[in-house]
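Thanks for making time this morning. I would like to walk you through a few local features of one model, and then finish with the place where two chains touch.

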Amino acid sequence: MDYHDDAKGIICAVSTPEGRSAIAVIRVSGSGSASVVEHLMGLEKGRLRGMRRKTGVIRRAGVELDSVVALGWPEGSSYTGEEMVEIMCHGIPEVTADILECLMDAGARKAVPGEFTRRAFMSGRMSAWQVMSLASMWRGMDHGNRLSGEGGSECSRLLRETRRVRELLEADIEFQEEHGTGGSEDLLAEFGSLMELTGEFRRKTSVMEGECRVMLMGPVNSGKSTLFNRIAGGEAALVSDEPGTTRDGASVHVEIRGRRILVCDTAGSDGTGIDREAYRRALGTMKGTDGVIWMSVGGTEKTPGEIEKTAGWIIRVSSKSDLVEKCTDKEWLGVSCVTGEGIDELQELVSQFPGSMSVTALADRIENRVGAARDSVIEGDFAVASENLADAENELSDLLDRGSCALISVERALSGMCVGK
Amino acid sequence: MSRCVDVIVVGGGHAGIEAALAASRMGMKTVMVTARKERIGEMSCNPAIGGIAKGTIVREVDALDGSMAVAADETSLQFRMLNRRKGPAVWGPRVQSDAMMYARAQQRTLEAGAVEVIEDEVTGLIGRTERIEGVQCRRNGPLKGRAVVLATGTFLGGMLFRGEETWRGGRTGDISADRLDEDLRRRMFHVERFKTGTPPRILRDSIDTGSMEEETSEEIGFSFSYSGSRLSELREFFYTVHTNRDTAEAAKDFLHRSPLLAGRIEGKGPRYCPSFEDKVVKFPERAEHRIYVEPMGYRSRLLYLNGLSSSLPREAQYRMVRTLPGFHDAVIHRFGYAVEYSYISHEEIAPTLRLRRTENLFAAGQVCGTSGYEEAAGLGVLAGINAARQCLDREGLVLSRMDSYIGVMVDDIIGRGVDEPYRMFSSRAENRLYLRQDNADRRMLPAALGSGVLSEGKKKVLEGRTEAAGRIRTAIDETSMDGVPAGILCRRGELNPLELLSTSGLQGSVELSLAESVILDEKYQGYIQRNLRKHRERSSESSVTLSSIDSFMDIEEICWEAREVLERRRPETLQQARNLPGVRPTDINGLIIHLGRKCSTWNNRT
């Protein structure tokens, strides 16, 4: 299903949990939704337009389905920002199913997961940050932090602080020497606390967003675990020279270019014996990953078709480049865990996984910009410092606005939602 | 019997001088009408030229062959480079000058520049407003001219205030231009009021400088003018003192007699150059404010108290001044006062500084709503060029805000309007890393050559410098240091200009400062290009009209709030739409998508 083909039609869904309950709420959104519900309830045209509440009965072919209360919202003031109606009916699955069917007969279609929120985002009712806060709340990932979801408070606070520090910086440029106010040492202290704030913000976004998952895959003894250890910086996986030593996926959280990434090691795949099970398990968990690092000594073993098909993003690593001849194919990256060759490039590539082009990556960029600004102040180039802070501000406003660069994160957040949200 | 000249400049201040000289350089028979010849080029406020961003404007004016830089160099008593530790993009050259010598230098330049000066008061314009035919003078009668530049400063409807005293005047000791003010209003020009002020002047012999902090001159081997003018060898001492609780108390005791706070002055004052009583009201917890004690000139018997501007009554000024350390017996030679004057609203002004409703009337300086000598000079030279171009029947010169502070200033005033006297700041320029004091000559060269404002001598100097800069750039492209290309070292800020010159064999044939400047252009290239790209994107939006849209309310691609704003304000272009509050970047994207669906011309354009 593609949202973009029908981004404007009337959508409907049950917004309360499945199962028996006293009442259920059915949401209908999109231009014309009021008249659809009016028709269903046998109301006069226009009775649900604007902020209206109507009670009535929904009938199909003369048969009474349920008595309901309908609340109408005008365009511009509803959750989605569109013309919208919420129907409160009895929480009986058969009833809600019937009403949905009636709605669909009248021209509405069933909403896809997260579509109401997506429309709220698209119509400017919610900022990217709000969508993400909401999504993480629903995922139950607030980790002790109650996210209000209402004002993007951390985000706007960081924006406010960045602005304030830039204003101080500008005042220092324009007035300090001519009017003798302020001082550069205060400025550095301000940068110190701003750095702390940006770090905190980045950690929070990575918690909210969930992390980027990367799987290490490849034939037996292609050096996955060695690479894994190199990345993990310790002996997280059991490594030996005997093929197939890694019996099951170990995983480790690492920070690459400021992004929290979960790297999962898998058992080698020669497609036989006990490894086969592990390999199949690995394939099974691939759906939730952002990318796969396919390893093969010297790039000799091509990526299996099933991985090509399932994995969204693949980095091909020609391993043990210190021992064997490197693969000359440009698609392959030569890496040696012994000499460290290619490790930097690999990290760079991993940080470019689509899943990394996210709000966390954005938060990381903000942190970089603020850090660069502080460095410029220390080096004595205030104008460059100001450019860097302005960049950070723009990134933050994007997040609070509805800038396109945050769209990927929004899609990611929405993908975790259920129908009706 | 009335005469007819090409360009008439009304006013002999820092704007008027540059306007008259520019027009004259372009071959125009130019007349300056001013009340008193000997006060042409007077530094009515502090005896200093330049500062952060302002110093850069001075150099831009010099690159257009203006006279401010040379006059400041020749009469310099102390040079300083402000912000030396804050990066070359915000360096601000500033010079303390001898005020008397400065004015005389400017008067000599006018004489040499074949500008005729008529001592008179302009009482009105003659001819229809759409096409002005000249000016009416009080004593000399009508003077016909093909273009007129208004550079009236604080004189247009000028009113002076000190305590309860109020009198008409453009500056203490000078008449105001009230009839001209009336004539402009009669012609339905939208005229508003601003105010500004000046501090008391103190007799030098009456104070004791022993207890004061001395500001010594930093020998930086700098001259404002790119032509390398002859610097004065005179040096003077400058001091700083701080106000204290008693100074603030003195001001507070007389606040009720302040003309501003009593509501007798309507015009808004400069926020960044407030009177001392303003500071006391605004920062009640702070009694210490820095005051610069500046001699008005070499061995001048008068001192200027920079930072102690006041329009409180005489007795208040005495009390305030005498609380300063070393000032207990100070004698005030001339008291501070406030001046309220008329300026022409930004809606009337075109980017060429022509008044929109007329073909040939221009404005420059405070009458456009700015404050400061440097701002005035910048607008003056532009107005002079365009008055001349009008006479020559050529298209007016418009300066981009991406290339010069003068361009930023004009664009800000016209695009956003002013609600207080406009002072230049480096932060007003989004392309600040490019708009530096070290490269103004190269930045201005296309405009300078294209407009025809350069004298032959200046043209040679500037072209020579540009050619030398080109050689340095080639050297950067072709040189490597220890295997690293010089261009990369530039961007890292690691290229030593001396080393570059010696490696490339340019040593001795080009100035070291020029090499430093070219290296900076290279270093900031990434930022500069990005800023230009952003600006281009924005300005291409000004050519996209929204006239095909009947109702913004039906555009589903944009959010509801923006639809309402757009429907109410009905912008004509995409750029105007972007500037509206409540319209966000994504709404603009939505609008573009909508337009793309509606008309193919947009597609052709992109």
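Let me begin with a question: does B:D393 count as buried or exposed, and how many C-beta neighbours does it have inside 10 Å? Please keep in mind that this is a predicted model. B:D393 has 7 C-beta neighbours inside 10 Å and therefore counts as exposed, and it sits in the loop of chain B that runs between α9 (373-391) and α10 (405-416). Its phi is positive, about 65 degrees, although B:D393 is not a glycine. In general, most residues other than glycine have a negative phi.

B:M188 is another non-glycine residue with a positive phi, again about 65 degrees, and it lies in the loop between α5 (178-186) and β12 (191-198) of chain B. Because B:M188 has 10 C-beta neighbours inside 10 Å, it too counts as exposed.

Turning to helix packing, α2 (residues 54-63) and α11 (residues 440-451), both of chain B, have axes that come within 8 Å and cross at roughly 45 degrees, so α2(B) and α11(B) are oblique to each other. Their crossing is right-handed. From α2(B), the residues B:T56, B:R59, B:E60 and B:A63 meet B:A440, B:D441, B:M444 and B:A448 of α11(B), and by class this contact has 4 nonpolar, 1 polar and 3 charged residues.

Finally, the chain contact: 24 residues of chain B are in contact with 23 residues of chain A. On the chain B side, α17 (560-569) and α19 (585-598) are the elements that give two or more residues, with α19(B) giving the most, 3 residues. That side has 10 nonpolar, 7 polar and 7 charged residues.

How values were computed
Residues are numbered from 1 along each chain as its sequence is written. Chains are lettered from A and ligands numbered from 1 in the order in which they are written. This is a predicted model: local features need pLDDT of at least 70, side-chain atom pairs count only at pLDDT 80 or more; totals for chains, interfaces and linings use all residues. Axes are lines fitted to C-alpha atoms, for helices over the stretch in contact, and angles run from 0 to 180 degrees between N-to-C directions. Helices (H or I, at least four residues) and strands (E, at least two) are DSSP runs, numbered from the N terminus. Angles under 35 degrees count as roughly parallel, over 145 as roughly antiparallel, 65 to 115 as roughly perpendicular and the rest as oblique. A crossing is left-handed if the near helix is turned anticlockwise from the far one by less than a right angle, and right-handed if clockwise. Two residues are in contact if their C-beta atoms, placed from the backbone, lie within 7 Å. Ala, Val, Leu, Ile, Met, Phe, Trp, Tyr, Cys and Pro count as nonpolar, Asp, Glu, Lys and Arg as charged, and the others, Gly among them, as polar. A residue is buried if 20 or more other C-beta atoms lie within 10 Å of its own, exposed if 12 or fewer, and partly exposed in between; C-beta atoms are placed from the backbone.
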